[in-house]
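These are my notebook entries on what I looked up in the structure. I set them down by topic.

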Amino acid sequence: MKTSPRIQREVIESCKAGDERAFVEIVLQSKKKVFNIAYRMLGNSEEAKDLSQEVFISVFDSIKDLREEIKFDSWLTQITLNHCRNRRKYLKRRKYFNSDSLDDPVETEDGDMMPKALYDPSDSPETLYEKKMVQELIQRGLQKLKEDQRELLVLRDLQGCSYEEVGELLGLPEGTVKSKLHRARMDLKQVLEGFAH
Amino acid sequence: MECEKVRDRFSSLWEKELTPSEEKGIKDHLSSCRECQREFERFEKTMRWLRSVEELEVPDEFVSGLYKKMEKRKRMASAERSRKRWLSFPLPLKLPVQAVVMVAIVFLVLYLTKMMPMGVYRPKEAKQTSSPHSLEKRPEGILVQKEVERERGPSKIAPGVPRPKDVDRAETSAARKENLEADAPQIKGEAKKAEEPAPKTEVKGYRTLDSREEARGRALSREPEKFEKELLAKKKSVVAAKPSQEIVLRISDRDKAISQLRELVKQFKGEIVTTGENGLLASVPAGSFSEFRKELVDVSSGDADKGAARKQTAEGLGSLQEGKKEAIEGKGREPARLVADEGSRVVVRILLVQE
């Protein structure tokens, strides 16, 4: 799991006791993980930042209810996913995602519009696309998937969670996680191929 | 092995989760099926891209923004708590409090609306009372105003006809203002007035109203002449009661002496107040009194009485000033006004003794 370092048990206990310095330490250690999950789930850095802050406020408010300090990371990820689901629903009601269709040209971080015809996975991608562009493509591809598929890919392939952790977080048996994850990957491949046609 | 089954195992093959026999079977199929091989290559590329995605850095202002949000939440939470606390109050406790507050608001509004008109006049009064002399003079002005109103009242309004309040109020306030303005300088400038000559036509020795007010009174009154007469009679009675000087003249011809005295008084810008059998009462300006007294001696027929002209009363011109102050400070308001008025004019009783 390529995430933030595991938070010490003492820090969590201090935070539970109301120590704000311990809370700050938790924020500093976990903000990258929370922000990246949010960004991959929502597809917008501003929304992700706002949502991550909301997540930490929820953590501060409810950490006293955390029973097992050892499961803090899973607990934090769970809170983040819940916030993301709620935020996506909210944004969907506001037609936030409507302008985004599979036919849209891909916009890079630099603001350049990349013609979708240029994308061809069969060509040598290393020569055609910069690393940044690949990341942008993946980001856009993720947004085209179903929510549960996106969650699976984010947790397993981006956050590096084990099948067991993913299963715990999503409340799925390990076998279901594997099959669903494969389906999600195949769909993503198809989405990326769709950008080329 | 069918293509579909092989493609379902792509993830397991890529994750190396297959048993060696399973892996061998799939790889054999891929080498024989060109389509499945191309599919696996695409899948592999997608997975490589997916795993190559790097984590983004958190924006710099993340933590500060978080603190701001937390502060805002705290404020909102405290406001919400206080609101809920009030809502959670039991109704038997909440209702009386609301009722009391409502009644208090109603009374406050009533009080304010009632006080509003008075507030218009107060600043003027406050302005007047800022002078120490005006404190003394204001009630006098009110008394005079009442007196004037009492005199005017019957002539102005027919019996049974209600007087319009607005007019009354306007007049009262205007008259009060005039009085206050007129009386204040009267006291301040007493010493000065004693030296100055008095205006020509009117008797001012014991005036209670100044000329402006009198003019106003005349204008407002429907019977100005009657009012003036009454006022004059009143003044004369007051003057007659308290002459400040008494001079005895010996004369041979009474009528001639009186006509001479009239001319003399006129010459000194004075005025004959009353004419009796034994003499007359005149009012002359204080500044020219000494000269007037000298001229009176010439009117007298005998030399003997040239020295007989003497002061009868204790109030001399000098003592008048002191008396004024005492009257202002300690005595009633009416005497104070009378003595103050004596300063500008001297009332002389001239007794005519037939030789």
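Entry 1, strand pairing. I count two strands as paired if DSSP finds at least two bridges between them. The model I am reading is a predicted one. With that criterion in hand, I looked up the hairpin of chain B, which joins β2(B) to β3(B) through 3 residues. The pairing of β2(B) with β3(B) is antiparallel and extends over 4 bridges. One bridge I traced by residue: Thr274(B) has Leu281(B) in β3(B) as its partner.

Entry 2, the sheet of chain B. In what order do the strands of the open sheet lie? I read the order as β1-β4-β3-β2 (chain B), with 4 strands and mixed pairing. The edge strands are β1 (245–251) and β2 (271–275) of chain B, each of which pairs on one side only. From one strand to the next, I find an average twist of 25°. In general, strands of a sheet pair through backbone hydrogen bonds, in either the parallel or the antiparallel sense. The parallel case here is β1(B) with strand β4 (residues 345–354) of chain B, over 7 bridges. Within that pair, Leu249(B) is bridged to Leu352(B) in β4(B). I also noted helix α13 (residues 289–299) of chain B, which lies across β1, β3 (279–285) and β4 of chain B. Helix α13 of chain B runs at about 20° to β1(B).

Lys256(B) lies in helix α12 (residues 254–267) of chain B. Is Lys256(B) buried or exposed? I class Lys256(B) as exposed because 12 other C-beta atoms lie within 10 Å, and a residue is exposed if that count is 12 or fewer. Val299(B) is 43 residues from Lys256(B) in sequence, yet the two are 9.4 Å apart in space, C-alpha to C-alpha. I then went to Lys269(B), in the loop between α12 and β2 of chain B. Lys269(B) is not a glycine but has a positive phi of about 65°. Its 17 other C-beta atoms within 10 Å make Lys269(B) partly exposed.

Most residues other than glycine have a negative phi. Lys16(B), not a glycine, has a positive phi of about 60°. I located Lys16(B) in the loop between α2 and α3 (20–32) of chain B. Lys16(B) counts as exposed because it has 7 C-beta neighbours inside 10 Å.

How many residues does the largest nonpolar core have? I find 49 residues, and those with the most contacts inside this core are Ala38(A), Leu42(A), Ile138(A), Leu152(A) and Leu153(A). Helix α2 (residues 20–42) of chain A gives the largest share, 11 residues. Both domain 1 (1–99) and domain 2 (101–197) of chain A contribute at least three residues to this core. I listed the contacts of Ala38(A), leaving out residues up to four places away in sequence: Ala48(A), Leu51(A), Ser52(A), Thr80(A) and Cys84(A). A second, separate core has 18 residues, among them Ala282(B), Val284(B), Ala286(B) and Val346(B).

Trp75(A) is placed in helix α4 (residues 72–93) of chain A. I class Trp75(A) as buried because 20 C-beta neighbours lie inside 10 Å, the cut-off for buried being 20 or more. Val59(A) is 16 residues from Trp75(A) along the chain, and their C-alpha atoms are separated by 9.2 Å.

Entry 7, the contact between the chains. I find 25 residues from chain B and 24 residues from chain A in the contact. On the side of chain B that touches chain A, the elements giving two or more residues are α2 (10–15), α4 (34–52) and α5 (62–87) of chain B. The largest share of that side, 9 residues, comes from α4(B). By class, that side of chain B has 13 nonpolar, 4 polar and 8 charged residues.

Chain A has 9 helices and 2 strands, and of its 197 residues 37% are buried. Chain B has 15 helices and 4 strands, and of its 355 residues 23% are buried.

Conventions
Residues numbered from 1 in each chain as written. Chains lettered and ligands numbered in written order. Predicted model: local features only at pLDDT ≥ 70, side-chain atom pairs only at ≥ 80, totals over all residues. Core = buried A, V, L, I, M, F, W, Y, C linked by C-beta atoms within 7 Å. Domains from an automatic or database assignment. Contact = placed C-beta atoms within 7 Å. Nonpolar A, V, L, I, M, F, W, Y, C, P; charged D, E, K, R; others polar. Axes fitted to C-alpha atoms, helices over the stretch in contact; angles between N-to-C directions.
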